[in-house]
Amino acid sequence: MIIRSVEVRRQSIPLHQPFKTALRTVTHAESILIFIHTDDGRVGFGEAPATIVITGDSLDSIQSAIVHTFTPILIGKSVLAYEQILHAIHYSMINSSSAKAAVDMAIYDLISQHCGLPLYQFLGGYRDQLETDYTVSVNAPKEMGEDAIRYVKAGFNVLKVKVGKGNVAEDLLRIKEIRSCVGAEVKIRIDANQGWQVKEAIHSIRRMEDMGLNIELVEQPVKASDIEGLKMVTDAVETPIMADESVFSPAQAFEVLKRRAADLINIKLMKAGGIYKAQIINHMAEECGVECMVGSMIESRIAVTAAAHLAAAKKNITRYDFDAPLLLRNDIIEGGVRYVGRVMTFPATPGLGITNAAIGEKVGIEL
Ligand code: MG
């Protein structure tokens, strides 16, 4: 199972409506696709979106890393020694976590195809279906309430509400409006995307507790680099606090876990650099009694299929944020994870289960 060629494509898929957080507004899902071909005729699929404000990775930088740095490492290697490949990829350059993730998922696709197992079973097979939440973009409170009602009517019972844009008083109004629109049964998790100061976060979360808004968790209330501030928030409120942008690598996870700076960790393949490192973060968290969520950036069903396989495989991954493909106007792949409303299931075919990825402009070189 020798790697013979690496093909790179670009894709851009419009969203149904703009995706808005404290950090950015997205109208198109833009990503680099990678196809790794082996001498036994298999193809491993991978994808990396450009999420420059979070990962620092642009389409150009992802493409460059794959074509100029990773492809020469990959060509001629046996996928059976995948630990060698992944180690070489991770230590060939710093950062570029999204480009590493695209290669990593294609390698895991190939090795699990070789073993004849769907990837989630290759990785652990803990469960065989998931339920995703659905994101309410940050807008005026009334609009968010109307969006929330629409999503609940469509069958979603966990809403991930984006806040942290503008003032904290308006964020409280947003949450209050959504809770009154959807009733008590729907689970509400909040993501401030680093948008609050430490004291603002403590004040607003305590207010939500006092108002009985019943918030499941608050994700990344403060700046990614402010681990001390994250800990202050975690210590000061009863609502569970989740680290997202604060944890890219296992080393950052270790810091958060050691200091008990968060109650939960959100793992994304685009931050960790793929499944190889994401598993290390999850296992470290599990040993510390900290559950993980797996989420995604604005990704198509290729990268989300890989993340969903990981999430299904592991006992300690208990929350799932995989609505991104549902936000897109077009679907570009055959096979992969399937959605029926909020429920996600996996094909029985080995690997990621993706059989074709049709769209995408060919770029770079095929070696
Ligand atoms: Mg987040």
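Biologist: Are Glu219 and Asp244 buried or exposed?
Modeller: Keep in mind that this is a predicted model. Glu219 belongs to strand β8, residues 215-219, while Asp244 sits in the loop between β9 and α10. Going by relative accessible area, where under 20% is the cut-off, both Glu219 and Asp244 come out as buried.

Biologist: Which protein donors does the magnesium ion have?
Modeller: The donor atoms lie 2.1 to 2.3 Å from the ion. Along the chain they follow the spacing D-x27-E-x24-D. The residues are Asp191 (OD), Glu219 (OE) and Asp244 (OD).

Biologist: How many residues apart in sequence are the parts that Glu219 and Asp244 tie together?
Modeller: Glu219 and Asp244 are both donors of the magnesium ion. Glu219 is in β8 and Asp244 is in the loop between β9 (241-243) and α10 (250-259), so the pair ties together parts of the chain whose separation is 25 residues.

Biologist: What does helix α8 pack against with its buried residues?
Modeller: Start with the helix itself: α8 has 13 residues, which at 1.5 Å a residue should span 18 Å, and its end C-alpha atoms agree, being 18 Å apart. Its buried residues are Val198, Ala201, Ile202, Ser204, Ile205 and Met208. Just after the helix, Gly212 takes a positive phi of about 65 degrees. The packing partners of those buried residues are α7, β7, β8, α9 and β9.

Biologist: Which residue of β10 is the bridge partner of Ala243?
Modeller: β9 and β10 run parallel and are joined by two bridges. Together with α10 they make a right-handed β-α-β unit. The partner of Ala243 in β10 is Ile265.

Biologist: And which residue of β11 stands opposite Asn266?
Modeller: β10 (residues 264-267) also pairs with β11, in the parallel sense, over three bridges. Ile265 stands opposite Cys292 there. For Asn266, the residue opposite is Met293.

Biologist: Which residues of β10 are buried on each side?
Modeller: In a regular strand the side chains alternate between the two faces of the sheet. In β10 both faces are covered. One side has Leu264 and Asn266, and the other has Ile265 and Ile267.

Biologist: Which residue of β12 stands opposite Val294?
Modeller: In β11, Cys292 and Val294 point one way, Met293 and Gly295 the other, and all are buried. Four bridges join this strand to the parallel β12, residues 317-321. With helix α13 in the path, β11 and β12 make a right-handed β-α-β unit. Opposite Val294 stands Tyr320.

Biologist: How far apart are the end C-alpha atoms of α12?
Modeller: Among the buried residues of α12 are Ile275, Tyr276 and Lys277. Gly289, just after the helix, takes a positive phi of about 75 degrees. With 13 residues at 1.5 Å each, α12 (residues 275-287) should span 18 Å, and the distance between its end C-alpha atoms agrees, at 18 Å.

Biologist: Where is the kink in helix α2 centred?
Modeller: The helix runs over residues 59-74 and has a kink of about 35 degrees. Its buried residues include Leu59, Ile62, Ala65, Ile66 and Phe70. Just after α2, Gly76 takes a positive phi of about 90 degrees. The kink itself is centred on Ile66.

Terms used. Residues are numbered from 1 along each chain as its sequence is written. This is a predicted model: local features need pLDDT of at least 70, side-chain atom pairs count only at pLDDT 80 or more; totals for chains, interfaces and linings use all residues. Side-chain values use heavy atoms; hydrogens and water are left out. Donors are N, O and S atoms within 2.8 Å of the metal (3.2 Å for Na, K and Ca); water is not among the atoms, so sites may look incomplete. Buried means under 20% relative accessible area, exposed over 50%, partly exposed in between (1.4 Å probe, protein chains only). The bend at a residue is the angle between axes fitted to the seven residues ending there and the seven starting there. Two strands pair if DSSP finds at least two bridges between them. A crossover is right-handed if, with the strands pointing away from the viewer, the path from the first strand over the helix to the second runs clockwise. The expected span of a helix is 1.5 Å times one less than its number of residues. Contact means heavy atoms within 4.5 Å.
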